[in-house]
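Open the model in your viewer and keep the selection tool ready.

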Amino acid sequence: DALPISNGGVQMPGCDKNAISQIVDIDGIWQGTRDFVACNHLRSYKFYSDSIVNVDGFTGFPSSSYDSFKSGSGFPCPSGGCPQMGHFADTFKGVTQSSQKFHLNTGDASNFSRYRYKVSVTVTGSSSVDGYFNVALYGSKGNTRQYQIFKGTMKAGSTYSAFIDVEVDVGVLSLVKFLWNNNIVNPLLPKLGGQSAEVKYGKDGKTSRFCGSETVRENILQTMNAC
């Protein structure tokens with residue numbers, strides 16, 4: 001059977017909080033103390049609970065190690081699909097080998113489900129700028145928070161890519177929002193923009209493309225529409 005491994009199988013996100021923050025988050029001294037002491041092990045039943053109402057939110061990607069998974073191995077799912085961790089694990093009809101491993105990331109608090117995308121953005125602007133840029137995905141079922149795609153020297157005409165595990169199934173993608181920021185105050189007030197973006201969904205490999213028509217100053221949202 002396919003048994004996806006979450007978060008590398010060692011330290012679960014959110015389990016590195018101190019005892020006080022864990023107790024405050026959970027709103028109960030006994031429950032909070034118990035969860036803090038055995039956090040990593042208790043996550044299994046919390047993952048299962050969230051998997052019941054998030055059918056595709058715990059997709060395991062075929063990869064030999066967690067490091068290779070983080071680098072994009074096994075993305076997108078092969079033609080036979082990927083298994084789910086949790087309640088819908090038995091619905092997977094694909095063929096697996098006994099030694100085959102599947103990996104996924106989860107959130108650090110409930111809702112733990114995550115949906116994996118690869119985002120590639122080509123930037124445009126008058127000059128190279130040091131800083132970072134984020135994107136948010138918008139679709140028929142909602143939108144994500146902002147996720148950082150790149151940090152460093154952003155050069156006009158260059159393309160930057162990252163894998164992101166987002167907190168909501170956005171459905172059919174309709175637009176991407178782009179926002180960049182300088183690491184330092186730049187008196188030249190440079191402008192930068194997303195020239196184009198390609199977003200690939202891990203579950204089925206579906207790719208959507210978006211185009212931007214402007215450059216903006218830092219901390220100003222730019223909307224990139226389907227093209």
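Select β1 and strand β3, residues 102-104: two bridges join them, and they run parallel. Helices (H or I, at least four residues) and strands (E, at least two) are DSSP runs, numbered from the N terminus. This is a predicted model: local features need pLDDT of at least 70, side-chain atom pairs count only at pLDDT 80 or more, and totals for chains, interfaces and linings use all residues. Residues are numbered from 1 along each chain as its sequence is written, and side-chain values use heavy atoms, leaving out hydrogens and water.

The three strands make an open, mixed sheet in the order β1-β3-β2. Its edges are β1 (5-6) and β2 (61-62), each pairing on one side only. Two strands pair if DSSP finds at least two bridges between them.

Next, pick H103 in strand β3. I5 stands opposite H103. H103 is buried, at 4% relative accessible area (buried is under 20%, exposed over 50%, partly exposed in between; 1.4 Å probe, protein chains only). Leaving aside residues up to four places away in sequence, H103 touches residues including T59, F61, Y66 and F69 (contact means heavy atoms within 4.5 Å).

Move to the disulfides (cysteine sulfur atoms within 2.5 Å). The whole structure has two.

Select C77 and C82: S to S is 2.1 Å. This link is left-handed, with -120° about the S-S bond. C77 is buried at 10%, and C82 is buried at 12%.

Finish at C211 and C227, with sulfur atoms 2.1 Å apart. Their S-S torsion is about 70°, so this disulfide is right-handed. C211 is partly exposed at 33%; C227 is exposed at 58%.
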